[in-house]
Structure formats: C-alpha cells, structure tokens
Amino acid sequence: MRPLYVILDNGHGQDTPGKRSPVWPDGTQLFEYEFNRAIVNRVVVGLQKAGIHCTRLVPEQHDVSITERIIRANRMIAAANRDGYQCILISVHGNAGGGTGFEVLTSVGKTISDDLAELFYQLAETVFLKNFPMRRDRSDGDSDKETDQVSILPKTNCPAVLTENLFMDTRKDCQLMQSSFGRDMIAEMHVEAIKKYKEKYAC
Ligand SMILES: [Zn+2]
C-alpha cells in the first residue's frame with residue numbers, strides 16, 4: 001500500500017454569481033465560496049495533525065474554472081504518483097435548492113470512490129450530522145448519488161467525491177453552516193472519513 005495524498009477542492013469563488021444564502025432576518029448571509037474555504041482550511045489543519053499529506057486545489061479566492069481545476073488536479077495526481085503516493089480528491093460544497101441534509105456525489109459506476117462516500121455517510125449519520133437527513137440514493141446498492149454531470153468526478157485520475165454539506169438556503173442548515181461549531185464538526189467529519197479510508201487503503 002502506498003501513502004495517501006489528499007487533494008482538497010473548495011468550489012466557487014467570491015466572484016461566482018448565485019451560490020449564496022438569502023439574507024436572513026438577522027442580516028447575515030452565507031457565501032458558498034467562503035464556507036467551502038473555511039471547511040477546507042480546517043480539514044488541512046486536521047490532516048496535517050494526523051500526518052496525512054494534503055494540498056488545496058484552489059488556493060485563490062476567485063473562481064477557477066472547472067477545466068483549469070481538472071488540469072491542475074491531474075497534474076498534482078501525476079506528480080504525487082511519481083513520488084510514490086496515491087491520491088484522493090474531495091470537493092467540498094454547500095447545497096442549495098430548498099432541501100435539507102447531507103449528501104455525497106461520486107462518478108457513475110462502482111468505484112473505490114463509493115467506499116469513501118460510504119465512510120462519509122456512516123460518520124455523518126452516527127456522529128456529526130445526526131440531526132439532519134442523509135440524502136441517499138440506494139438504487140445501485142450504495143448510498144452515494146452517482147453523476148457524471150459534475151465533471152471533476154469522472155475526469156480526475158483518482159478516487160473523487162463531492163460532499164454537499166447541508167443547504168445554505170434552509171435556515172436550520174445554514175445556521176450550522178455559519179457557526180464555528182458547525183464548521184468544526186463538518187471539517188472533523190471530513191478528517192475522520194479520510195483517516196478511516198487511509199486505514200483501509202493506504203499506509
Ligand atoms: Zn457548490
């Protein structure tokens with residue numbers, strides 16, 4: 001088994017239209033690019049503490065196109081593979097559209113990404129997001145929603161998942177997303193899922 005190298009993608013930028021909560025009655029508003037970066041920053045700290053190599057795919061604050069992100073990711077993966085590492089990619093997002101709860105997307109078909117997604121669901125359901133619904137798609141025997149529409153998933157050359165961490169346009173969800181407590185918890189869930197994946201597949 002090879003050591004693990006984690007590529008963390010924080011979607012969107014401060015210039016991305018939409019991708020924000022309504023302005024709530026208390027005057028606050030959540031911007032997804034800021035939330036995604038807040039989670040990824042915490043995950044980086046947690047992984048470094050655990051001695052797991054990781055990097056940010058998008059250190060910039062502005063939006064980097066999906067095409068550029070895929071090129072970057074595959075370059076990072078090739079370099080890490082040359083150095084003897086195996087990669088996983090995790091794209092961190094907040095959901096919207098008036099629902100509630102947590103979900104994980106992977107590319108279509110049975111891949112090792114499905115195992116990583118399952119670890120996320122187990123931890124979310126039993127520890128970190130117990131008060132929220134788990135949005136599952138059981139039609140193919142596992143929990144994750146499979147799509148090739150989100151092109152970073154099928155087009156990166158390593159196991160890749162996209163986490164949708166609650167709904168920014170649903171008040172209860174957004175309150176947790178806005179709080180330091182909620183952000184710590186969501187980040188810790190990512191770190192724990194990665195650690196469990198490492199126990200199983202990496203050294
Ligand atoms: Zn997003």
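## Basis

Two strands count as paired if DSSP finds at least two bridges between them. Helices (H or I, at least four residues) and strands (E, at least two) are DSSP runs, numbered from the N terminus. The model is predicted: local features need pLDDT of at least 70, side-chain atom pairs count only at pLDDT 80 or more, and totals for chains, interfaces and linings use all residues. Residues are numbered from 1 along each chain as its sequence is written, and side-chain values use heavy atoms, with hydrogens and water left out.

## Strand S3 and its partners

Asparagine 95 stands opposite phenylalanine 167 in S6. S3 and strand S6 (residues 160-167) pair in the parallel sense, over six bridges. Strand S1 (residues 4-10) also pairs with S3 in the parallel sense, over seven bridges. There, isoleucine 7 has leucine 89 of S3 as its bridge partner.

S3 (residues 86-95) is largely enclosed by the rest of the structure, because 10 of its 10 residues are buried (under 20% relative accessible area, 1.4 Å probe, protein chains only). In a regular strand, side chains alternate between the two faces of the sheet. Gln86, Ile88, Ile90, Val92 and Gly94 point one way from S3; Cys87, Leu89, Ser91, His93 and Asn95 point the other way.

## Helices H3 and H6

Helix H3 (residues 112-128) packs on helix H6 (residues 180-201) at an angle of about 135 degrees, with the axes 9 Å apart. The contact (heavy atoms within 4.5 Å) includes Leu116, Leu119 and Phe120 of H3 and Met185, Met189 and Tyr197 of H6. Its residues divide into 12 nonpolar, one polar and five charged.

Terms used:
Buried < 20%, exposed > 50% of the residue type's maximum accessible area, 1.4 Å probe, protein only. Axes fitted to C-alpha atoms, helices over the stretch in contact; angles between N-to-C directions. Nonpolar A, V, L, I, M, F, W, Y, C, P; charged D, E, K, R; others polar.
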